[in-house]
Amino acid sequence: MAILTGGLTLFAYLLGSVSSAVLVCRLWGLPDPREHGSHNPGATNVLRLGGKLPAVLVLLFDILKGTIPVWGGYFLGLDPLGLALVGAAACLGHIYPLFFRFQGGKGVATAFGAMAPIGWDMTGALIITWLVVALVSRYSSLGAIATCLIAPLYTYLFKAQYTGSVTLVAALILWRHRGNIVRLWRGTEPKLGQKKRHAE
């Protein structure tokens, strides 16, 4: 089982390292998202740079980067700790992609994809939380932060055995958002539809 866990963890990291934001921007002839906009290769920045269609493609692929390896591990019988390692590896691949000079995104969509196999109830709760917070506050990052904070509670309510796994993944995403937390506190974080101020 240790070999299987190690192999899936490596696969998850390598799959996570495929930066869909960079690839989609190249296909659409858009600027490199690591060098323009918020400098974050994720769906939100691609939305700013190129509009809805490329952003949706990036979002879907980034979700699948988390879902595919975790779902595979679930059906192959990995225990919760093994699934946590696989999910965290997918997120780390997105954040520090081997194939793209380790310049990755925040990992929100990939983390969501890693949590989604827990069940449709969990998936729906995560989506609703992000939508409510993001749409009310107009801060995409605040939606992600709030969702990560409450995700372990949702997991405990729906499938308690995976609470530790989700907590590990959520903590990783919260750590990656430490800059956003500072900007939210200072009032310099861009709202949805706004261009980012260069004040990092």
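Is Cys91 buried or exposed, and what is its relative accessible area? Cys91 is buried, with a relative accessible area of 0%, where buried means under 20% relative accessible area, exposed over 50% and partly exposed in between, with a 1.4 Å probe and protein chains only.

The views below show a predicted model, in which local features need pLDDT of at least 70 and side-chain atom pairs count only at pLDDT 80 or more, while totals for chains, interfaces and linings use all residues. Residues are numbered from 1 along each chain as its sequence is written, and side-chain values use heavy atoms, with hydrogens and water left out.

**View 1. The whole chain consists of ten helices and zero strands.** Helices (H or I, at least four residues) and strands (E, at least two) are DSSP runs, numbered from the N terminus. The radius of gyration is 16 Å, close to the 16 Å that the globule rule gives for 200 residues, so the chain is as compact as a globular protein of that length; the radius is taken over C-alpha atoms, and the rule is 2.2 Å times the number of residues to the power 0.38. Along the principal axes, the C-alpha atoms fill a box of roughly 45 × 35 × 25 Å, and buried residues make up 49% of the 200 residues.

View 2. Cys148, at 8% relative accessibility, counts as buried.

**View 3. A nonpolar patch on the surface is formed by Leu10, Leu14, Leu92, Tyr96, Leu98, Phe99, Phe102 and Trp175.** Together these residues have about 730 Å² of accessible area, computed by the Shrake-Rupley method with a 1.4 Å probe, where for residues only the protein chains shown count as cover. Patches are made of residues with over 30% relative accessible area and no salt bridge, like charges being joined within 9 Å and nonpolar side chains (Val, Leu, Ile, Met, Phe, Trp, Tyr) within 5 Å. Trp175 lies in helix α9 (residues 163-176) and, at 41% relative accessibility, counts as partly exposed.

**View 4. Three salt bridges are counted in the model.** A salt bridge is a side-chain nitrogen of Lys or Arg within 4 Å of a carboxyl oxygen of Asp or Glu. Asp32 and Arg34 meet at 2.8 Å, N to O, and both are buried. Lys65 and Asp62 meet at 3.4 Å, N to O; being three residues apart in helix α4 (residues 52-75), they are separated by about one helical turn. In the pair of Arg183 and Glu189, the closest N and O atoms are 2.8 Å apart, and both residues are buried.

**View 5. Ser140 is found in helix α8 (residues 140-158).** With a relative accessible area of 15%, Ser140 is buried. Leaving aside neighbours within four places in sequence, Ser140 is in contact (heavy atoms within 4.5 Å) with Thr44, Trp130, Ala134 and Leu192.

**View 6. His39 has a positive phi of about 65° although it is not a glycine.** His39 sits in the loop between α2 (20-28) and α3 (43-50) and is partly exposed, with a relative accessible area of 37%. Arg101, also not a glycine, has a positive phi of about 55° and lies in the loop between α5 (80-95) and α6 (108-115).
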